Amino acid sequence: MSKKKLLILTGGGDCPGLNAVIRAIVKTAKKNGAWDCYGSIEAFNGIIKEPTDIVKLTKSKISGIHVRGGTIIKTTNKGNPLSFPTYDKSGNLTYKDISKALIKKIKDLGFDAVINIGGDGSQAISKALFEKGLNIIGVPKTIDNDLSSTDITFGFTTAVQIATDAFDKLVTTAASHNRVMILEVMGRDAGWIALNTAIAGGAEICLLPEIPFNLEAVINKINKRYKKGKGFVNIVIAEGAKIDGNTIGKTIEGDKNIKLGGIGNALRYALEKKGCQADIRVAVLGHIQRGGTPVAYDRILATAFGVKAFELINNNQFGKMVALRNNEIISTNLSEAVSTYHRVNLDHYLIQTAKSIGISFGE
Ligand code: F6P
């Protein structure tokens, strides 16, 4: 009997742990024996392209990849089939819904099911494709931890560890120079990476998208730490925090989200303009947070997600996303998975923890 064909793809920004998910799916499928696994290179683009760019995920291709960052089947955030960039006859860029043709092509190529490993944007695509008749399920990933239907996403713990390591290094240089060090971290509109890093590193000030801050309060906190010009302050700021009500970043054509970045320097200049006397420096961590080896926790979570994802496919339970809830791996409907954005809620125990040890949110 010929084997069934499973298509795997990774979409959106990369994140440590993607390869561990791929490896777990392929290993479980091999053990099951009824499925062959394939990877579409650069999310759906590998299918959309002519000729297609698809690889068979053999044992040798996935061997040992759980320790590697990135994704062996590549990714993109420029391949949304519901709004696909195309050029019209006059050479103008337009966006077309090519989802119907994509689904037909996936079926014509003989694929029985698809696993889409991605963040909220990718899972919104999974949901739409499922509703249009594709046998698809989702696996959540993101360093931002901003998906509401899972307690945590893989990649997040690695990003927090990287940010904390960077923070620790900034503390020694801040202390040596009596400086204020600002560390800008990622997280989009959610402050999870910043909040966790601030507590793990021992920041004096933590500025989040969820809590509007005021420059005077930040300066007062800085001044309390300076006695006769001596002292130092470490600040963690999330890239999505707002300064005077504005987010800092660039709008890029075709991208529905503003590309965040620059709030660290904007804060420095705003503090200096307001008369802050301290010597201020800024470090922007950027994509370092997404690179390199996943920490053990993320490898384990990613592996458990991969195993569950294959189980759903094998049991014909489509339109679902795997998730971790109350220490159990479960599945949830894709429609529920993408319904709410997961911000830091102000009654979260970590907000209270931070306040109790004197971390200021600049309020
Ligand atoms: O969603 C993950 C993330 O790293 C965000 O924290 C960040 O704002 C964004 O992606 C950066 O995207 P890009 O890789 O397109 O610069």
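How far is an oxygen atom of the ligand from an N or O atom in the side chain of His287? The separation is 3.0 Å.

The model is predicted: local features require pLDDT of at least 70 and side-chain atom pairs pLDDT 80 or more, while totals for chains, interfaces and linings use all residues. Residues are numbered from 1 along each chain as its sequence is written, and side-chain values use heavy atoms, without hydrogens and water.

**View 1. Residues surrounding the ligand.** Asn77, Ile143, Asp144, Met186, Gly187, Arg188, Glu239, Lys259, His287 and Arg290 surround the ligand (a heavy atom within 4 Å). This shell comprises five charged, three polar and two nonpolar residues, with Asp, Glu, Lys and Arg counted as charged, Ala, Val, Leu, Ile, Met, Phe, Trp, Tyr, Cys and Pro as nonpolar, and the others, Gly among them, as polar.

View 2. A polar side-chain atom of Asn77 lies 3.3 Å from a ligand oxygen atom, and a polar backbone atom of Gly187 is 3.1 Å from an oxygen atom of the ligand. Of the 400 Å² of accessible area that the ligand has on its own, the protein covers 80% (Shrake-Rupley method, 1.4 Å probe).

**View 3. Helix H9 and its surroundings.** In H9 (residues 263-273), Ile263, Gly264, Ala266, Leu267, Ala270 and Leu271 are buried (under 20% relative accessible area, 1.4 Å probe, protein chains only). Seen down the helix axis, the buried residues of H9 fall within an arc of 160°, so they line one face (directions from the axis to the C-beta atoms). They pack against strands S8 (179-185), S9 (205-207), S10 (233-238) and S13 (279-284) and helix H8 (215-225) (heavy atoms within 4.5 Å). Helices (H or I, at least four residues) and strands (E, at least two) are DSSP runs numbered from the N terminus. Just after H9, Gly275 adopts a positive phi of about 95°.

Notes
Buried means under 20% relative accessible area, exposed over 50%, partly exposed in between (1.4 Å probe, protein chains only). A polar contact is a pair of N or O atoms within 3.5 Å; within protein, one must be able to donate a hydrogen and the other to accept it, and residues adjacent in sequence count only if both atoms are side-chain atoms.
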